[in-house]
Amino acid sequence: MNKVILIGRITRDPEIRVANEGNYIARYSLAVDRRFKKDGEQSADFINCVAFGKQGEFADKFLRKGMKIAVVGRIQTGSYRNKDGQTVYTTDVIVEEHEFCESKSSTSQSETSTSNGWDNIPDSVNEMLPWE
């Protein structure tokens, strides 16, 4: 059985191609945190994902850099010769399902947060607070 389930954040907006028949192909990378830390540092694996057809169209319409998603799919290996004649080996997850792991509001908040975990709050917000 070849089945993989990943939860992580998209590292860049998906690259989209549309074939002549209208079939979508979406490629993106997913940063998946490792469970155990080395020397207290957070580490992640960067997994290449490929979505075809309706899943590729979904990726084009809804997936953006920084979003936390769950992916269900299968691992596929391959190889090709680069322009120098060297063999390059590839490992991709072929996406069968996507699922959001955060609400839209928490995704937009994570994009505006600073590295210390506190949100950037504009100075003008004090005028809008009900207890001020």
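pLDDT is the predictor's confidence in each residue, on a scale from 0 to 100.

**Confidence.** I'm working from a predicted model, so I looked up the pLDDT before anything else. The mean for the protein is 83, and 78% of the residues get to 70 or more. Where pLDDT is low, the predicted coordinates should not be read in detail. I'm leaving those two stretches alone.

**Fold.** Next I went through the secondary structure. I find two helices and six strands. Going along the sequence, I read the order as β-β-β-β-α-β-β-α.

**Packing and surface.** How much of the protein is buried? I get 23% of the 132 residues. I also checked the contacts with a separation of 6 or more: 56% of them come from residues 24 or more positions apart.

Strand S2 covers residues 15–18 and strand S3 covers residues 24–33. Which way do they pair, parallel or antiparallel? They are antiparallel, over four bridges. I followed Ile16 across and found Ala26 as its bridge partner in S3. Five residues lie between the two strands. In this hairpin I noted Gly22, which has a positive phi near 85 degrees.

Key:
Residues numbered from 1 in each chain as written. Predicted model: local features only at pLDDT ≥ 70, side-chain atom pairs only at ≥ 80, totals over all residues. Heavy atoms only, no water. Buried < 20%, exposed > 50% of the residue type's maximum accessible area, 1.4 Å probe, protein only. Contact = heavy atoms within 4.5 Å. Pairing = 2+ DSSP bridges.
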